[in-house]
Amino acid sequence: MKRVLDVFRGRLMLSTIALAALSGCASVSLEQQMAKVNDETGPFTDGRLALARTDRERTQRAQTAADLLKAPVGQREAVHLALVNSPALQALLARGWAESADAAQVGRIANPVFSFERMVAGSELELGRALSFGLLDLLTLPSRQGIARRQIDQSQLRLASEVVDQITQVRQAWVRAVTAQQTFAYAQQVLTSAEASADLARRLQSVGTFNRLSRAREQAFYADAATRLATAGHQATASREELVRLLGLDETQAQALRLPERLPDLPKQALEPDAVGSLATRGRLDIRLAQAELQTSAQAQGLNTFTSFTDIELTARRNTRFDNESGTKSTARGFEIDVRLPVFDWGGLQRDAMNARTLAATNRLEATLRVAGSSLRESYSAYRTAYDIARHHRDEVVPLRKVISEENLLRYNGMLIGVFELLADSRDQVSTVMAAIDAEQQFWLADAALQASLIGRPTNTTLSVNASAPSGGGAGH
Amino acid sequence: MTSRRDFFRYAGVTGGAVAISAVSRVAMAALPEPVIQTRPDTMPPLVPDSGTPYNPVVTLNGWTLPWRMNQGVKEFHLVAEPVVREMAPGFKAHLWGYNGQSPGPTIEVVEGDRVRVFVTNKLPEHTSIHWHGQRLPSGMDGVSGLTQPSIQPGKTFVYEFVARRPGTFMYHPHADEMTQMAMGMMGFWVTHPKARHPLIDEVQRDFCFLLNAYDIDPGSYTPKTMTMTDFNLWSWNSRIFPGIDTLNVRLNDKVRIRIGNLTMTNHPIHVHGHEFTVTGTDGGPTPKASRWPEVTADIAVGQMRQIDFVADEEGDWAFHCHKSHHTMNAMGHNVPMLIGVDHSGVARKINKLIPEYMVMGERGMADMTEMEMPIPDNTAPMMTGEGPFGSVEMGGMFSVLKVRRDQKPGDYKDPGWFKHPEGTVAHEYTGPLAEPARFKAEGGQSMPRVQSPAKVTEVQVRKPASHSGH
């Protein structure tokens, strides 16, 4: 008798261990999670993400951030800084981990229920013990674990895609901040030049060779330059602060942040459309996310066809009866199976819902596939156009303006034109330089957007055309 | 054929003249071979070796066209063609002219000569030649459409007439005149008297030149032919100071200068140190009773004035158009008056608005040095010319009459700067300087204004300390 009980106990133990082992397969650790996200986004961010949990880790990261802040922060460094420093990004990672953990939960079976009952009837004492667990849970375990894995995948892909989004924002904010700073510095230069001319006009008036009208006209440029400088100053602050927020810098760090004086030079060559196409087909996040979603719902549907009908519960029961009067004890052992009869609800609605979900997922995948190509083409076009325009400014427009200004200076030297004609020309120079800076900004924004689109987080930038309006021949006799 | 031999002989006389070779010799068999001048210098006078002898003229920065005698007819060959004329050292203009230069060569004949002029058109458009001031058959007057068909590109026309009256004349196109004269097509014609003439004195030096004007944008080469009034280059024989040769004479020489005006405005031509009389116009010698001494003769548009004087004052005498902006080269008319205002470096500050990193290696920094004050390519400085005492600060219609005791007769070479006798040069006064007394009462007004100005404006005149940079 006792032996039989032991055997039963042994079996129970085994199956519990087996269950634990089985369910363990669908678990997810933070390290795995981070490794996966880093695999996905590594080439994109060019750095590693990590969720800091201990003080030591936090100090280490603060140190890295401090090191990065020592030199002017380039675009690449800005991304690194965001990776190690941004609390928002850390929050994102933590949330992602939570999501994955929730998803893993699906792959586990409900814990067995142990029930104990004690009944006294007269002199009889009956102790009932029952260990029951869902048989259906157990039978469908493999497929549920599959679902869990897919959901973990899905949450990891979603996380990766959010990271990409964040990093793209960092990149673009960096571009804007550097541009605004560059524009601000340039506005200061313009002001100095305008100041010189206003000063000259003032001196001319004071010796009597200029009247009030002519002087006022020259002064107007100066006044205009001052307005521009003020606006540019605010723009520089605003875009810098946006970057500060995205990098998650604290007060001290924000003060330490230095940016390069100007945007990097344009790449020697733009990415070719072929290269972009082949890059894009390899593992786009959005497509894989849609695929994972479809697979999850397809698998869930398979499981659902079964579970929607019925539920089966297996119970091992052992009842021991003590008869105090006779002093005997008898033990009854047995199994119990509960089957929920699909009498009223055949689970049709549940299956319909699942069907619909799968159908939706299928179509979402299809939509994603179709959108992916189109948005990539648009991104590429924005990138390529911005590149061509910026290059055109660099190789054609600015040098032309330079030639004009040099030739004007020669004419000024020869007293063929006056100093105020130089000034009129300098206004054209200002708008050309502004347009050139703007064109470079557009390129770098489009570049960041294209990178995000390539990895599967379609981001499009609107190209704004800010052509300089040079005055034609005008001054020059 | 004597032309080949003539050519070599004339080549010796006229300096850099060469025969044209582009036209086939067979085709040219009936024509005198055209002589082409390659240098813009003043050539020595062409002493006639055939026909009636005369005292030849010297064309300022120009030359006289050699001819050939053909059965008693003087034959000339003018080739109308695009030329590159050096207007001043370092400044060349793409003009149209005759036989390699603009203006064309001077044609010298003697009263009563039968003259035959072949005109070959190598221009991209039709042309004709009008013999300004000559008595000739109407059909030889050269007005295309009116008296003859125009000479089409590649064609050669012949003009033939007798030089009936002595005098100074001009020649120029009378087909698309505005363009062709703005491009520099013109030349001088002198008909010497065949015998002593009561109204034409014998002279030792006889100079001639044409007044012309161009509008060439600084840094470019070709005149803007549509310009009506705003010319920027005022030239003598398509040369501008300091590219105009000096008029070098011997002390007590009787000097004649013939000046024709083919610009679109008048030019008061002024000689320093001497008085002259206008002894002739394109209408011929003036009656003696009409002559009076002058130092400036205004030459109106389309006119010629012949002035005579005795060069009896030694020295270097300025000789120029008295419109002061005509003694300037290309200049801006909207340049503000900057005298008395320190504007050093302002231009650079104003103009330097393109950051260095944006354009690299476009131009070297060498030509941007402050000291050199570079000006556009192919542009004559607005005013320049280094004299023995510093910059002359002139341009355009300006030259120097050099009267020298030791200048040999018939020698036209530049004798260099005048050696002033001791104590005859203005110099700085180094003695004590007393402040001149000024009167508040000086100046005033005849009656007060109804509205008085808000503020009394004081006009200050300051002389520039140093303004030699431009």
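A salt bridge is taken here as a side-chain nitrogen of Lys or Arg within 4 Å of a carboxyl oxygen of Asp or Glu. The legends below describe close-up views of a predicted model.

**View 1. A salt bridge between A:Asp265 and A:Arg262.** The side chains of A:Arg262 and A:Asp265 come together with a nitrogen-to-oxygen distance of 3.2 Å, and the pair therefore counts as a salt bridge, for which the cut-off is 4 Å. Chain A is divided into domain 1, made of residues 25–110 + 139–262, and domain 2, made of residues 265–291 + 373–468. Across the interface of these two domains of chain A, two salt bridges are found, together with four residue pairs in polar contact, both residues of each pair being at pLDDT 80 or more.

**View 2. The contact between domain 1 and domain 2 of chain A.** The centres of the two domains of chain A, taken over C-alpha atoms, are 21 Å apart, and the contact draws on 32 residues of domain 1 and 25 residues of domain 2. About 2700 Å² is buried between domain 1 and domain 2 of chain A, and carbon and sulfur atoms account for 68% of that area. On the side of domain 1 of chain A, the residues that lose the most area to domain 2 are A:Leu157, A:Tyr186 and A:Phe221, which together make up 20% of what that side buries.

**View 3. The helices on the domain 1 side of that contact.** Three helices of chain A, namely α2 (30–45), α7 (141–207) and α8 (212–247), each contribute at least two residues to the side of domain 1 that touches domain 2. Of these, α7(A) gives the largest share, with 22 residues. Sorted by class, this side of domain 1 of chain A holds twelve nonpolar, ten polar and ten charged residues.

**View 4. The interface of chain A and chain B.** Here 47 residues of chain A are in contact with 42 residues of chain B, and the area buried between the two chains is about 4200 Å², with 66% of it given by carbon and sulfur atoms. A:Asn413, A:Met415 and A:Leu416 supply 16% of the area that chain A buries against chain B, more than any other three residues. The count of salt bridges between chain A and chain B is zero, whereas three residue pairs are found in polar contact across this interface, both residues of each pair being at pLDDT 80 or more.

View 5. At least two residues each come from α7, α12 (348–413) and α13 (419–455) of chain A on the side that touches chain B, and α12(A) provides the largest share, 14 residues. The residues of this side of chain A divide into 24 nonpolar, 13 polar and ten charged. A:Met415 sits in the loop between α12 and α13 of chain A, and its phi is near 55°, a positive value in a residue other than glycine. In general, most residues other than glycine have a negative phi.

View 6. An unreviewed UniProt entry places the feature "domain: Plastocyanin-like" at residues 90–195 and 221–335 of chain B. Residues 90–195 of chain B are 6% helix and 40% strand, with their end C-alpha atoms 44 Å apart, while residues 221–335 of chain B are 0% helix and 40% strand, with end C-alpha atoms 23 Å apart. A cis peptide bond with omega of about 0° joins B:Ser102 to B:Pro103, and B:Pro103 lies in the loop between β6 (91–98) and β7 (107–110) of chain B. The peptide bond from B:Phe241 to B:Pro242 is also cis, with omega near 5°, and B:Pro242 lies in the loop between β14 (233–236) and β15 (247–250) of chain B. Most peptide bonds, by contrast, are trans.

Methods:
Residues are numbered from 1 along each chain as its sequence is written. Chains are lettered from A and ligands numbered from 1 in the order in which they are written. This is a predicted model: local features need pLDDT of at least 70, side-chain atom pairs count only at pLDDT 80 or more; totals for chains, interfaces and linings use all residues. Side-chain values use heavy atoms; hydrogens and water are left out. Domain bounds come from an automatic or database domain assignment. Contact means heavy atoms within 4.5 Å. Buried area is the accessible area (1.4 Å probe) that two parts lose on being put together, summed over both. A polar contact is a pair of N or O atoms within 3.5 Å; within protein, one must be able to donate a hydrogen and the other to accept it, and residues adjacent in sequence count only if both atoms are side-chain atoms. Helices (H or I, at least four residues) and strands (E, at least two) are DSSP runs, numbered from the N terminus. Ala, Val, Leu, Ile, Met, Phe, Trp, Tyr, Cys and Pro count as nonpolar, Asp, Glu, Lys and Arg as charged, and the others, Gly among them, as polar. UniProt positions are given in the numbering used here, feature names are shortened, and annotations may be inferred rather than shown by experiment.
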